[in-house]
Amino acid sequence: DMTTEQDIFDQASSQLQTIEPKMRHVFDTVVIVDDAIELGKTQYGRRRIRPGKGGVFKGERLNGVVLWGTNWFVTRPDHIGEFNVRLTLQTDDDALIYMESRGIYKFPREVGPKIADGTAAHTDYYLREHTEFETAAEQYAWLNAIVAVGTGWHHSRAVGMSIYELL
């Protein structure tokens with residue numbers, strides 16, 4: 001067989017180009033946050049922990065409240081932020097869902113004060129994430145088997161995310 005690596009690549013990439021990602025909205029969430037706990041400068045960067053004080057989520061397939069949550073945030077030496085948000089959700093029909101989102105948060109330095117005082121537009125910065133869900137509730141078991149991504153926004157007293165299922 002005289003098939004080269006380039007032949008294999010060309011054949012595979014031509015098939016992949018036909019798979020254009022599509023998304024379906026899962027829900028939007030808003031979490032009210034408390035003041036940050038400053039852990040300080042660690043080996044990974046400036047670490048802050050931001051406890052959530054509750055919130056809501058709304059979507060076509062599920063709605064409810066955020067019972068509990070926290071954002072573990074680090075500003076790396078290259079001034080890019082990484083976050084790990086973990087939330088406990090309770091749906092309107094009392095199902096419990098664990099949600100974990102990890103992502104990247106970046107913005108020009110001059111936008112920092114606007115973010116801090118809540119006047120920055122969501123287009124002034126980049127906040128993207130991927131989310132995993134875990135639930136024992138049969139009616140929401142579909143969440144356990146999806147790839148989810150999202151966009152977010154930040155305010156001085158709240159954070160929000162729009163979560164989408166990658167189809």
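1. Arg102 and Glu100 are joined through their side chains by a salt bridge with an N to O distance of 3.3 Å, where a salt bridge is a side-chain nitrogen of Lys or Arg within 4 Å of a carboxyl oxygen of Asp or Glu. Arg102 is partly exposed at 40% relative accessibility, whereas Glu100 is buried, with a relative accessible area of 17%; buried means under 20% relative accessible area, exposed over 50%, and partly exposed in between, with a 1.4 Å probe and protein chains only.

2. This is a predicted model, in which local features need pLDDT of at least 70 and side-chain atom pairs count only at pLDDT 80 or more, while totals for chains, interfaces and linings use all residues. Residues are numbered from 1 along each chain as its sequence is written, and side-chain values use heavy atoms, with hydrogens and water left out.

3. Glu100 also meets the side chain of Arg86 in a salt bridge, at 3.6 Å from N to O. This pair links distant parts of the chain, with Arg86 in strand β5 (residues 81-91) and Glu100 in strand β6 (residues 96-106), 14 residues apart; strands (E, at least two residues) are DSSP runs, numbered from the N terminus. Arg86 is partly exposed, at 29% relative accessibility.

4. A salt bridge also pairs Glu38 with Arg46, whose closest N and O atoms lie 2.9 Å apart. Glu38 is partly exposed, with a relative accessible area of 44%, and Arg46 likewise counts as partly exposed, at 39% relative accessibility.

5. As for the total, the structure holds eight salt bridges.

Methods. Helix = DSSP H or I, 4+ residues; strand = E, 2+ residues; numbered from the N terminus.
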